[in-house]
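Thanks for making time this morning. Please have the sequence and the model open beside each other while I talk.

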Amino acid sequence: MKLTGLMVMFLMILTVACAPQTETTSIDQGLEITADIEARRAQFVQKEMTADVAHLSDGDRTALKHLVAAARIMDEIFTVQAWAGNPDFSPKVAALDGRQAAKDYYRIMYGPWDRLVAFEPFLGDDEHPEGAGYYPEDMGEDEFKAWIEAHPEDNDAFTSLHTMIRRDDDGLKAIPYAEFFSEELARAAAELRAAGAATDNPTLKDFLEKRAAAFGTDDYYESDLAWMDLDSPIEVVIGPYETYEDGLFGYKAAFESFVCVAQPEDSKRLAVFMGQLPFLEKSLPIPDQHKNFNRGSESPIRVVDEIFTGGDCRSGVQTLAFNLPNDERVREAKGSKKVLLKNIIQAKYEAILAPIAQAVLPEGTAENLDFDAYFHFILMHELSHGLGPGKITLEGRETEVRLELKDLYSAMEEAKADALGVLNLYVLADSGVVGAEIIEHLPWTFTAGIFRTARFGTTEAHGLGIVIQANYLMDKGAIAVDENGRFYPKPEKFRDAFVDLTHDLLMLQAEGSYEKAQAMVDQYGVVTPELAAALGGLSDIPVDVDPVFPLEM
Ligand code: ZN
């Protein structure tokens, strides 16, 4: 699963839908370019993604070059998966006279449709095929289903994650990725084997060799297991993973690659925090009977910097963290791994959160915003998902918080992770595990961050969760609004307010109380006129970053 994202889309639907109706400009390649193309392109701020590779061995640095080459091939494949017409269309785009914004936007979107506005065309007037490049464009849902009904033996191949559907004289047929993309995948496998030969890390070598073999067989199970065992300064994801691009059925997996490097100091800090988890569970502001000391074996977390990305994950809004693999069999055997992309988080912080702070905090106070405080908070948010009640017993019945809170669970769980994330930083600062400067900047950074997330709207779990927190904290006097409508924290009241908030959220989880969750949403989950006014001032702030990787030059 990738964590981006959808919420940003929601926001864009709002902003672009409010823009005045645009005329289109005809140009010489026979393509019409939407008149607001410059504004659309400006939503993505170009950011150079730097990462330190000095600590890598010579072998690993050689391996990186091969991995970047392999990731580029994922890009070639995904371009066809996104739209079968791309190979013929892209020379026309390249030949556009000037029109850099249109060329850039086509590159960012991997096609002539705007991923932020429900795949509306911005170049030409073709309609986006719902099934992307995976199915014949003239094939509808009914034809696909009718084919399977008439040919039940084709069911597995047709609904497989790893086949392309094409039409020939005999009707529809499923072509395995290993065959359809055989030329590209053979080149990618050769790069993976070369990287495997270069690295001195046995777990990386093992993964790369197994993944190279999988490219020839479409069987990714063994290599997914090897990826869970990967323990290397190079963190690489490569292959077919997410199915979002298949808007028709959600069957088909898109090729992508993240080539990343872990920084020793981040890994060390993460290890220290992980070591504190039992202590943090013990410190939760709820009665001991609701504490849960059996969650320790949950999924690992890694912090890395991106060196290069290609394919699905490079399109549209950039992922800032992912949780893989998706194969349930692997998840059962080995869990899943969450990877936080630190330099992407930093780029988004600079491009989006810093200007938000300028707009919502009182003038002259935005300097209290701090990336270290922000990153500590994100890290602690992720770790805090693993604290507190999970499996619970209600009147002798064994159940889970998730099942009891139903549709309200995600918003409550995101609010819990935020609130507990903040509180845990205070708790760890008591013993010096977290530095005093983090605590000093945290209230300001958190207050600005409210608006970054609230932009997603309250129909989305993170958005609803943050609005609940904002109103609760204002109720407790920990956040106030000045006469100019600017929001500011009262740091001396912050910790106590977060103890109360965390207590309330954890208790409704411990009790599995849908009623209390609903009461929380009713009382606090409303965008007040003050919040709405501040959010209204953010429409010019970028939506996302357009990463530039120095290694690609
Ligand atoms: Zn979360």
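Predicted model: local features only at pLDDT ≥ 70, side-chain atom pairs only at ≥ 80, totals over all residues.

Residues are numbered from 1 along each chain as its sequence is written, and side-chain values use heavy atoms, with hydrogens and water left out.

Let me begin with the metal. The zinc ion is coordinated by NE2 of His 381, NE2 of His 385 and an OE atom of Glu 414, at 2.1 to 2.2 Å. Donors here are N, O and S atoms within 2.8 Å of the metal (3.2 Å for Na, K and Ca), and since water is not among the atoms, sites may look incomplete. Along the chain, the donors of the zinc ion follow the spacing H-x3-H-x28-E. Distant parts of the chain are linked in this way, with His 381 in helix H16 (residues 371–384) and Glu 414 in helix H18 (residues 409–430), 33 residues apart. For the element names, helices (H or I, at least four residues) and strands (E, at least two) are DSSP runs, numbered from the N terminus. Both His 381 and Glu 414 are buried, where buried means under 20% relative accessible area, exposed over 50%, and partly exposed in between, with a 1.4 Å probe and protein chains only.

Now to the charged pairs. Side chains of opposite charge can pair when their charged atoms come close. How many salt bridges does a search of the whole structure find? It finds 33, a salt bridge being a side-chain nitrogen of Lys or Arg within 4 Å of a carboxyl oxygen of Asp or Glu.

The one I would look at is between Lys 348 and Asp 544, whose side chains meet at 2.8 Å, N to O. Because Lys 348 lies in helix H15 (residues 342–360) and Asp 544 in strand S18 (residues 544–548), the pair ties together parts that are 196 residues apart in sequence. Lys 348 is buried, with a relative accessible area of 9%, and Asp 544 is buried as well, at 0%.

Two other salt bridges have partly exposed partners. Glu 400 and Arg 402 meet through their side chains at 3.0 Å, N to O; Glu 400 has 26% relative accessibility and counts as partly exposed, and Arg 402 is partly exposed with a relative accessible area of 43%. Glu 511 forms a salt bridge with Lys 516, the closest N and O atoms being 2.7 Å apart, and here Glu 511 counts as partly exposed at 31% relative accessibility, as does Lys 516 at 43%. Elsewhere, salt bridges that share partners join Asp 36, Arg 40, Asp 114 and Glu 120 into one network.

Turning to the backbone, a cis peptide bond joins Leu 324 and Pro 325, with omega about -5°, and Pro 325 lies in the loop between strand S12 (321–324) and helix H14 (328–334). Ala 118 has a phi near 50°, a positive value in a residue other than glycine; Ala 118 sits in the loop between strand S5 (113–114) and strand S6 (120–121), and counts as exposed at 68% relative accessibility. Lys 406 also has a positive phi, near 45°, in the loop between helix H17 (401–405) and H18, and Lys 406 is exposed, with a relative accessible area of 54%.

Arg 211, in helix H10 (residues 202–217), counts as buried at 1% relative accessibility, and 8.8 Å separates its C-alpha from that of Ala 226, 15 residues apart along the chain. Glu 32, for its part, lies in strand S3 (residues 32–34) and counts as partly exposed at 33% relative accessibility.Glu 32 belongs to a negative surface patch, together with Asp 125, Asp 126 and Glu 137. Patches are made of residues with over 30% relative accessible area and no salt bridge, like charges being joined within 9 Å and nonpolar side chains (Val, Leu, Ile, Met, Phe, Trp, Tyr) within 5 Å. Lys and Arg count as positive and Asp and Glu as negative, with His and the chain ends not counted.

Conventions
Areas by Shrake-Rupley, 256 points an atom, 1.4 Å probe, with all protein chains shown as cover. Charge placed at Lys NZ, Arg CZ, Asp CG, Glu CD.
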